[in-house]
Structure formats: C-alpha cells, structure tokens
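Hi there,

As promised, I am handing over the structure for you to look at. Please open it first, and then read on for what turned up.

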Amino acid sequence: MSLDAPSTNARYGSNAGQPLTRRDGVLKVTGRATYAADNHPDGMLYAVTAVSRIARGRVTSLDVEATKAHPGVVEVMTPASRPPLAHDPDEKMPPFGFRIEVLQDSTVRYANQPIALVIAETLEAATEGAALLNPQYDADEPRTGIDDGLRFDPPAVGVGGPPKAAFGDVEAGLAKAAQVLERDYVTPAQYHNAMEPHAVVAEWDGDHVMLDMPNQALAMSCASYATYFGIPPENVTIRSPFLGGGFGSKAIINGPQILAILAARALKRPVKLVLSRAQMYGPVGHRGGTWQKLRIGLNNDGQLTALHHKSISATSSFDDFLEPAANASTHLYASPALLSEHEGIRLDTGTPGPMRAPGEASGSAALEVAIDEAADACGMDPLDFRLHNYAETEPGSGRPFSSKALRECYAEGAKRFGWAGRPLASRQMRDKNGFLVGWGMGTALFPCPHFPAEARATLRADGTALVETAGADMGQGAWTALAQIAAEALGLDPEQVELHSGISTLPDGGIAGGSGHTASAGLALNNAGKDAIAQLSELATNDPASPLFGAGNIGVEARAGRLYRRDDETRSESYAEILARAGRREIVGTAKASRDPAAAEAHAMFSHGAVFAEVKVDPDLGQIRVTRLVGAFAAGRIINPRLVESQYFGGMIWGVSFALHEEAIIDHRTGRIMNADLAEYHVPINADIPSLEAILIPENDPFVNAIGVKGVGEIGITGTVGAIANAIWHATGVRVRKFPVRLEDIIG
Amino acid sequence: MNRFDFIAPHNISEAVAAAAEPGSAYLAAGTNLLDLMKIGVSRPVRLIDITRLPGLDRIEWQPDGGVRIGAMVRNSDLAYDPRFARTFPAVAEALLSGASAQLRNAATIGGNLMQRTRCAYFQDTASACNRRVPGSGCDALHGENRLHAVVGWSEHCIATHPSDFCVPLAALDAVVELEGPQGKREIPLEDFHRLPGETPEQETALAPAELIVALRLPAEAARFAANARYLKLRERTSYAFAVVSAAAALEINDGVISHARLALGAIAAKPWRAREAEASLAGAEPTLEAFTRAAGFALADARPSGDNAFKIELARRIAVRALILAAEGTPEVMPALPASPFSTTPGASHVA
C-alpha cells in the first residue's frame, strides 16, 4: 500500500485521507451489528417460497390442502389467492426495475421461480409446508444453452447503456492489417452469492410499512415498493443499516420480497422471509453468460488497426439485462477503428442483473486475453504492447480524460511485481519444486458514475456535528469514509462527527452501486457540511462580538472546530462559542448534489489500473495456484487508504474467483442449476489467495466532482481475470478462452 | 424439513433398539444428515441421537500397536492426535484435506464413513436417482457428470463416494466394528461401501439398525509410517471435494519396496483399492517406471461414465505422484496445505 501523496493539488497536505479503521468494526466482530433477518417483531410469521423445478411451462396443480393441514401453517399464497398489486409486475419499474415474478399467473419462466408462498408460525412449518405443495407441471423444453435461445438485437445493454459503439472503418482497418487475430471467449452464468441472503421483515401499520431489508438503493426502492403497493413513497420506510454483501443484487426489487410484504399486509402480522442459498439462484439476479468474439487488426509496428468486440449476452425470456461485455473495449486502447456490439439471447433463466463490474468484468476477461494474444502475435512484451497502444484521449471521441494515471499504474505495478526480464515465450520458468511459473498482466478500467444524492449536516451547540444521508454500507466501509468526507467539510475530526445512514427517512443518499457511492453520497455530505459552515460564518462575521466580525469579504476557514480569519490566524472562534452567543442550538446545512454536466460532457471519466499475476501450475496434474497478485490503481482522490486497499483486494479476489472458480452448472435438459450451493458453486477460500498487493497511485481529478473522488469498488476485478489467464498461458503454453479455467483445460 | 421424533438413548443397546423402528436414522454431528434433511433428500421420522452415548469418543491403542477409534471421535481430534498422526500419517493428511476446519471440528469418524454421495442428481429431489428412489433412473448418466465415477459404476448409478478419510483407510486394511440387533460384528472397511450394480440404494454393508461403534487400524499398517501420503486434486485449495485423490503407502527396505498400498478416491462409489498395482510394486525398486506401471494397473478397467474421461488420466497421474511422494518419505511436519500438490512448498507447516 502506498500512502505517497502528490505535492501539488493537495488538500490539507495530502490527496489521500487518513487510514481510519471501520466505525462499525467492533459492532460487527462482536455480533452486535443487526442485519435484516435479526429482527423479530412481536407476532411475526415466517414466509417461505415454493419454487419451480422446471424451467419453462406452467404449474398445473398445487396441493394447497396438504400444506394447510400441516401444523403451524397459517396461509398459502398461490396465483389463485395472491392479493392484487397496484403495479403490473409484467411492466418494468423505472428507472432500473425489472419485470418480476410474483404469482401473477401459473407460468414458469425459469427454474427456482417462486410458484407459491407459504406463511407459518415457524420457519420449519413454512419450509415443510412449501415442500408439501407437490406441484405438478406442464413442462416445455427449456432453452438454456447458446444453441437453444432466441437471438435478438437489443435496444440497450446493462442498465440502459448503448448496445453498440463504432468509429472509423473496422473492416478497412482489418483489411489493411499485417495480421488479424480472431478469437472466441466464453464466460459462464455467475451468481452474486452475497454472504447474507436476500431477506425482509415487513410490518404494516395501516397503510404504512416498515421494511427491514438489505438494500443498496433506499430511496429508489421506497418509490418502487410504494408503486407496487399503491401507497405514497413516504409511507415506506426501509431500514438497512448493514448489508452482508450486495454485489449489485440488492439494488433491484425482486419477487419474493414483494410477496412477503404482501403477506404481511394481508395477514396483518409482521412477516419475515429469508431466501435459502439455493433460492438465490433465480429470482434475485445473476451475471448472464457471454459468448464473445474479438477481431484485432495489427500493423507491423504492433499497433491496432482495428478492434471489433462482439458479445452475445444472455438474458431471460421475459426481460432485458444484457451483460454489456463488448463495451469494455470502447474506452481503453487506441485504435483508428472500433466496433463494439451486442446480440441478445433469450434463455429460460431468471433475469440477469448488475453483478460485480457488470460488463466490465466479463468484457475485460476476453479483451485482456485477446490483447495478450495480440502482443504474443507481434512478438512484444504484453506491457510494451499496451503502452504502444495507449489511449491518450478517449478513443473515438478524442475527448480528454478527466484524469488518467494509467502509465503510472503500469510503471509502479511492473516495478513492484518485478515484471522486467519476463521471458516472452511460454513455459520458460520453473520454481525449485518443478512447478511451471507464469506471469501475466491486464489493464483495469471502470467508469465513474455519479448518482444524485442529498445530505444534511447539523452543527450542534457543543461544536460536534451530526451528518445524515440514506446510504448503504455493504461492508465497503461507507460509514467510515463518508464520515471522513463530512468531517473535512465541517473542519472537524472524524470522531466529532456522528453519521446516521442506512434508513430511508434520511436524505436520499443515492445508490450504493456502480462504484459510485462514496463519490455520490460523499459529495452531498461535503456540500451539506460546507453549507453549514457557510451559515456559521455568516453568523460570526456579522456579529460585532466575534473576533471574526467583518471578515465576510476576506473569508474564514473551518479547521479543528474553529473558524479562522483567512488573513489572520490569530483571529478565530470555536463553533460552540459562535452558536452559544447567537443563542442557536444548532445549524442545519443541506445539499442536493450531482455531477457538473458541463464537466461530464467535456471529459471521459474512468478509474484505471494495471494488474500483474503470477501463477504456478503443476505440470503433470494441472493444479493451478495464483501465487502473487499486484494491482496498481488510480481512482482520483483516496478518502481512506486502508478501506480502499481492502476494496481493491476484494476486487482482485473476485477476479481470482472469475478466472478459476465461479460457474453455474446448468443441466440443459431441465434448465436447473445443479450446483446451487456454496459447497459446489465455488468461490475462493483464504488458501486460494496467497499474496495480494494493492498500490494506490496518486491521481488528482479536478473534473470528476468537487471532492475529486472516482470509485474503487469494482475496478479490481477488471484486469485481474485476464492477468491470471495470461499468466496460466505463460506458465503452460495453454491458452484457455473459456472461464473458469479447469484442470482438464491444462492437462489437455 | 419433515417433523421427526428425537430419541436420546443412554447406551448402545437402547440406541440399537430404538433404531429398529422403520424410518429411523442415527444422528452424530449431523454435518451431512441435517443438510440432506433440509433439502428433502433424507426424511427420517426418528432421529436417534448418538452424540451422548458413553465410550464412543476414545482413541485406544492396542497392545500390538494397532488403534481403535471410537465412532464419535471428531475428525480434528484424530488428525491432531500426535501418536496417530505419527503412526498413520496418510490418514491424518486425508482428514485435514477434507471439508473445512469448522466441519472437521464437528464431524465424526463414524459419520465420515456414512456420508452420502455429492452427486448433484442425488441431492436434487426433482431428478431421477436410483440411489435416492430405487428404480427411478439415473439423471446423472447423461447429465452434468464431469466429476462422476470412472470405475465400478453401472448404468444404474455413476456416483462417487466423497470421503478423503476412507481412501487411506481402505489402503491400510481398516476394520469397521458394528453393533446391531443381531449383536456385534466387524467387516473390512474395503467391504463397507458397495458398488452400485443394480442396487445403488444399498450403499453400505450395514444391516438395518446397525451402528458403527468403532474403527480399527491394524498394527501392521504402521509399517508404512515413514513412506505414506495422501494427495488430492480439487478445484479450490480447501473446502472442496476431490476431483481425484490417492493414498499411497510403501515399505522400502534397502532400496526395494517390500510392501505397497494404493487406493484411489473420488473415482468410484467406494474408495478404490488397487491390489494389482500393489502386487506389481512388491519387490520392485521405487522408480517412476514402476509407479507408472502400477498406476496403469490401477486404472486398467476405467472407462468414462460421461464427460469425464479426463479423470482417468488425472487419476493415473495422481497415483504416480502419490507413490513418488510416498517414496520420498512422509514429511516431518504436516504440510501447510495437506494433500495438495503444492504441499511441497517448504517452510510452511499446517500448525503454526
């Protein structure tokens, strides 16, 4: 970890903030942080969904009588008995909501779709009641493979992104190339698998409802729930103080939670629903599979003449979320011609959704391997090749980047990794135990979205502050970083700032997604804090009794709980003194903040990085072990280097997971996922992650927002997947183009 | 999960009597049974709690140097027993390569023998599975079966037995002590698990209500202490079942193998003892050629049951590697990554 800061453009002497530990750390390690399912209001009932075991067709019967006869079962909700909703679930819910499956009919669209809800006095009774429903089906042939699904031209990819980007003449560029590389890559369906399952505890009071649930987008969700239940948004309160991971899956409304809330209203008792691990493989989103093709034209100098990236991206039969994989190629390498495009394929699965760098991760996995293959085809070092094709400005548009310290990432990462001297050819390195050793690299890239957000900052009579925004801490450390931003704006120590977050009654903190939460909620808190300080300054500079009287034109500076006259350090006054003399108990600053549209128009805004991987491979047995990962990332201003390093580690670990572990195994005869549990759907365990280094490259970005913050949550997975696959090739000479890499791929 | 009665007997005879009622199941740590009950694969109407039965949690050394391990001894307690790990190092290594630390702390020796296959079609109640519902068919046969059996399978079932522990036990002639309505008996571990044939639902040699009370390793198995390894290929470094595994044990005198043991894991419905391979090694020098020939014997009858031909080659290679590592000698301390091909990384031990 580097705490080095640039000498220029520093804020309070440094562009990196303090590496404070998590504010909620002690609560979490002592078990006092209560998650949604820890709530047990009096009289609470338990709801369990029964799910479909076919992937396409319809339910022809349910043995509701058998279920109702089971001791403890209170009610069974089926398409025949489900109370009405105020919004048609077969219509999308703007802005990001999907069509959802809430027992609107007996149609089955995917395996694990809810087909009934059983509500009982105990979890055990509800679970057994669901098992007793004994559904009968009229099953149709499921379509879950690349050869089965209906292909279509998508109007949009991801959450409304363009399905196509093009500039220059790609075919002409390929025609004049000295050599053309054409390669296919496959990425599997992956499931978020947050540690904490999707859960809700719903309690109605008249037409008001209290929802305890993990949620990445509080205000947006309140509006959506209100629409489904036909009540004003302010009647919905969501409490989501802690999330045991979200990864994109807790930002979007899903069917099971709606059903539980509906049951609570119908039965006039609080209802809890917690999905089982297996039930998370269906109605709560996933990363859709991709089948990608890259065509790269290369001239004799090792430069791209054209780049064509096409992704066939899977979505459900009834809604559209296409992994925007090809867009990973649109902003990274310089090329005179580029075409990135998508084709959709409809499969009988749940609708995919945003998951851990949606598009960027799967697109980067293909692109970075293709670039490695291109470097090899040119006989060039993979790092030299990337520098040779460095985009000084945004490819196509020619817009400047708001900041881009990618060169520094390459240089520092390579230095720390010890990249120099890497043999060009594969199978050149062995360790003393005879294992094959390989080094690979990948470039990391992630956009910097900014969501509108609001915040409130209250300076209190004792000189401390309360700051509030309805944000979400999924484990990334938002409580801590956001308090640091607010403290800086308020001129206080973080310990003097109390942060309230995680409940929807607070000012809208935007969405904790797209790696944009710190920037979005942070900017709102910064501006609210500055608003409070401005009001305080107004009081002081207009008060003849204040040493700051008359400093209005010169200005004051807020620091360490005092206002200082800018031109005279000896004239200052504490916040508490100013408030006391003014007879004020508090001053409330507020802000609604979003990105400056002019800056956004004029600049391309991305975080960048470079990831270097070392793997060892058993030459006979094919067992792969990642032995070193070094990532260097530039993401604007770093609020808390400790937490950011942890975010980068997390991203890189998910990169290991993508490269070597994660895959939903689907039986295409039935459309069922055959490894829907954490024993068989593998994510890495500690022993798979031997050595990680994350280097924080200083970067000053005056355009991205007033606090200079980009985003760090997802970039770590990009670059890493390709770096590992490339290192495996370097070790073994085997180029694997289908993820995850398996033993049999290596032994041939 | 279905409703069930919970019986807590005071001694083995009470337990056996209680289990004689149809629909009963013994409950030890429950690390496998309770999961299966939650997903509806196992629906016992009576659970007989054997965790409080007296006398089942002891490791007893016999006068001849053999050891008797009570069925309720926890995996971790056995693996970390210094004398046991010294005497039967491949067994300790196999134990420590299985599951996770938390599971090993709970799971029992008897329960390990009783664990059910991890075949996804066995666990998925919507799939046809002759093992779960006799006569219903085998959806694994033409399904997602890259990790399924390559020896000893039948058209009726291609599942594998998931245990690591049982692989060196089979190699070392372990004996299972049983107690049931007809009294006490004992059978070789090698005969405890059954191949599927036409009756895959008959997974073990246990008679109704019979209880595993102990496991014995004979004194003569200690002769391999200096040259014994368990090796396991898996798709993550820990907390994963084997793709293929091998237990190899050699007695080497004056540069010649006097006795050899070899068993393979995760390739059949039972730990796969390779007696022909063992015989081919007796009297041979411990060379790559000898090991390669032996591994050939071990997999001579292998054939893919589906999309898993690679497992045959991998099993052959891991048998060779396990024999090489056994010949090199048992590590002085338990490797940091027990049973991993990467366990040779020097300077790291399993217990800090």
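Here is a question to start with: with which residue does D620(A) form a salt bridge? Please keep in mind that this is a predicted model. The partner is R321(B), and the closest N and O atoms of the pair lie 3.0 Å apart. That pair belongs to the interface of chain A and chain B, where the rule finds eight salt bridges. Polar contacts turn up there as well, with 18 residue pairs across the interface (both residues at pLDDT 80 or more).

On the side of chain A that touches chain B, the elements giving two or more residues are α3 (123-131), β26 (606-617), β27 (624-634), β28 (666-667) and α16 (743-747) of chain A.

Now for the extent of the contact. Chain A brings 38 residues to it and chain B brings 40. Between them the two chains bury about 3,400 Å², with 55% of that on carbon and sulfur atoms. Three residues stand out on the chain A side: L621(A), Q623(A) and M674(A) provide 18% of the area that chain A buries against chain B, more than any other three residues.

Finally, a word on chain B. Its domain assignment gives domain 1 (5-52) and domain 2 (226-335). Taken over C-alpha atoms, the centres of domain 1 of chain B and domain 2 of chain B are 36 Å apart.

Enjoy exploring!

Best wishes

Terms used:
Residues are numbered from 1 along each chain as its sequence is written. Chains are lettered from A and ligands numbered from 1 in the order in which they are written. This is a predicted model: local features need pLDDT of at least 70, side-chain atom pairs count only at pLDDT 80 or more; totals for chains, interfaces and linings use all residues. Side-chain values use heavy atoms; hydrogens and water are left out. Domain bounds come from an automatic or database domain assignment. Contact means heavy atoms within 4.5 Å. Buried area is the accessible area (1.4 Å probe) that two parts lose on being put together, summed over both. A salt bridge is a side-chain nitrogen of Lys or Arg within 4 Å of a carboxyl oxygen of Asp or Glu. A polar contact is a pair of N or O atoms within 3.5 Å; within protein, one must be able to donate a hydrogen and the other to accept it, and residues adjacent in sequence count only if both atoms are side-chain atoms. Helices (H or I, at least four residues) and strands (E, at least two) are DSSP runs, numbered from the N terminus.
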